[in-house]
Structure formats: C-alpha cells, structure tokens
Amino acid sequence: MNLNVSGAFVYFTIPILGGIPITQTTVSSLIVTILLIVASIRLGKNLKKRPDGVQVMVEKGVTMLYDMVRETMGEHNLYWAPFIGTIFLSSICGSFIGMTGFLRSVTADLSCTLTWAILVSVLIWYNSIKRNGLLGWLKGFTEPIVVMTPMNVISEIAQPVSMAFRHFGNVAGGGVITSILYLALTMLSSLVLGAIAGSGVLLPIVLLAVGAALLVLYKKKSPKKRYLFFGALTAVLGLFGLLQALGLLSGVPVLAFGIPAVLSCYFDVFSGFVQAYVFTLLTMVYIGNSCPPPEKAEAAQ
C-alpha cells in the first residue's frame, strides 16, 4: 500500500479557476476510471449465445449484482443496478490500486469517499422530491413534531458524513498502520543487523551455529516448538548478519520484508472488499427507501 500519511501529493496545479491541484488521488481515480471503461468495452464485445471462459464469469457477476439489487431495493429498482455496480467496482478497484506501490488508494482520500456519499444523498433527496414534491419533502423535516426539525436536519447531514468517514477511515487507517510498522521494522533491522554485522563475521557464524543446533534439537529430541522458533530466529539473524558483514545486503531492511506485505494484503484486499460492500449496501438501502414500490408510494400520498 502506497500511502503518504501527510496526505495526497500534489503533482502540479492547473492555473485556472484559482488553481486546480492534480494530486495522487486524481491520477489514481483517472486510471481506475479508464481501466473500468476499457474493461467494460472489451468484455461487452463479441458476446456469444453459448458463453464460455471469461464471458461466463462476467455474466455470473452481473447476475449476482442484479439479484442483490432485487433483494435489497426491490424489483422496481433494478434500473439502479448499473449505478450500484459502478460504485462497487470503483470502490474496490480504488482500494486495490494502492497495492501497486507507486499509486495511492483512491478510497484513502476523504474527498473521494465524501464525494460518493454526497452523490448518494443528492440522489436520495431528488427521488424524495420527485415522489412527494418539494413541499412534501420539506414537510418530512417537521415530523413527527416541529421540535424534531433540527434532529432531522442533522440526520440528513450525518448520513453522507458517516458513510464517507467509515470507508475512508478503514482504508486510510490501515495504510497508516502499515507505514508505521514498516518504518519501525526498518529501524529495527538497521539496529539489530547492524550490531551483528559490526563485529565482523564471527558473531553471525556463531548465531548460525546456535540456530542450527536448536533446529536439530527440535527435530530429533524435543517436541517443544520454542526450539523451532528460537532456532529459526537465531539462524535468520545469523544468516542476514553474515550477508551484511560481507557487504551483500548492506542497507537493506531485511526485517521489514513480509509482515507489512501481509498487512497490506489484509487492508487492501479484505478490508477494501468489505468496505466496498458495506458502502454499496448502504447506498442500496438508502436509495431503496427513497424509491418505494409504486403501490406504497401512492398509499403514502
């Protein structure tokens, strides 16, 4: 995950309308948009009556999307499926793009998730006004009693804010944790391996020998797993200390390998998928509530 904890880096500023900054998030969003457009055009061409290969997977995904919209929003709201699918794919691809190492996760920028949340709220308000009229929509802020008006207004404002901060907070927070851990492990690698290599090749060789002995004890004489842990740890420190003493890994943060990558996979893949699903589900619920079945809408009027 590539995340600058101080915020998105500004590449350059377009000198119009007081200056339009082109940030890492802008570039990542543009790349995600282009990739989704190209993929849509490519996957929509040369469709077969008897699908096979990629077409089967695409049709299965589209079917799952429409089934999810049907179950959550109702049959009458199926026309929202393309919009819901776009939100989900933009969110999940926007999170995954941070795994490239040189691009910033789109969803790690509050301006992106807040824009999506505001768009959803505008659609909700539009549908409510379309169904009830402007006066009917405004009347909803005074029900059940006039005293509740401030709370109703706050609720309308809190809805997009909570959606935006939930998505942004999980992705950005994961990036910050990964970055801090990587920095800490880099410093630890420099201190520990530097100290081992600083004494020459003797100490690394001794550590290698001790580690090998512990591993032998684990395999032949003792079932206790602490021999395996300490043996492997000592052998690894001895090996990399020896390589640094010989000048083969000088300055390489060896201890920073692995753990940050695993955490990045969790925050980018698992958490990114979960947050994309939650944001999409909330979007369907909120828009579905503003677009009830025709019979219910007529009864309410």
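Visitor: How many salt bridges does the structure hold?
Guide: This is a predicted model, and side-chain atom pairs count only at pLDDT 80 or more. The structure's total of salt bridges is two.

Visitor: Is Arg70 buried, partly exposed or exposed?
Guide: The classes are set by relative accessible area: buried is under 20%, exposed is over 50%, and partly exposed is in between. Asp67 has 33%, so Asp67 is partly exposed. Arg70 has 31%, so its class is also partly exposed.

Visitor: In what order do the elements run from the N terminus on?
Guide: The chain has nine helices and two strands. Strand S1 covers residues 10-14 and strand S2 residues 20-23. Written from the N terminus on, the order is β-β-α-α-α-α-α-α-α-α-α.

Visitor: In which sense do S1 and S2 pair, parallel or antiparallel?
Guide: The two strands form a hairpin with five residues between them, and Leu17 in the turn has a positive phi of about 55°. Val10 has Thr23 in S2 as its bridge partner. Over four bridges, the sense of the pairing is antiparallel.

Visitor: Which residues does Tyr11 touch, not counting those up to four places away in sequence?
Guide: Tyr11 lies in strand S1, and it is partly exposed because its relative accessible area is 39%. Pro21 is ten residues from Tyr11 in sequence and 7.6 Å from it in space, C-alpha to C-alpha. The residues that Tyr11 touches are Ile22, Thr23, Gln24 and Val27.

Visitor: What span does H3 reach from its first C-alpha to its last?
Guide: Helix H3 (residues 81-96) has the highest mean pLDDT among the elements, 91, whereas helix H9 (residues 294-300) has the lowest, 58. The buried residues of H3 include Ile84, Ile87 and Ile92. With 16 residues, H3 is close to the span expected at 1.5 Å a residue, and reaches 22 Å.

Visitor: Is Ser121 buried or exposed, and with which residues is it in contact beyond its neighbours within four places in sequence?
Guide: Ser121 is found in helix H4 (residues 110-139). Its relative accessible area is 2%, so Ser121 is buried. Leaving aside neighbours within four places in sequence, its contacts are Gln159 and Pro160.

Visitor: What share of the residues in the chain is buried?
Guide: The accessible surface of the chain comes to about 18000 Å², and 72% of it belongs to carbon and sulfur atoms. As for confidence, the mean pLDDT is 79, with 80% of residues at 70 or more. Of the 301 residues in the chain, the buried share is 32%.

Methods
Residues are numbered from 1 along each chain as its sequence is written. Side-chain values use heavy atoms; hydrogens and water are left out. Buried means under 20% relative accessible area, exposed over 50%, partly exposed in between (1.4 Å probe, protein chains only). Contact means heavy atoms within 4.5 Å. Two strands pair if DSSP finds at least two bridges between them. pLDDT is the predictor's confidence in each residue, from 0 to 100. Accessible areas come from the Shrake-Rupley method with a 1.4 Å probe; for residues, only the protein chains shown count as cover. A salt bridge is a side-chain nitrogen of Lys or Arg within 4 Å of a carboxyl oxygen of Asp or Glu. The expected span of a helix is 1.5 Å times one less than its number of residues.
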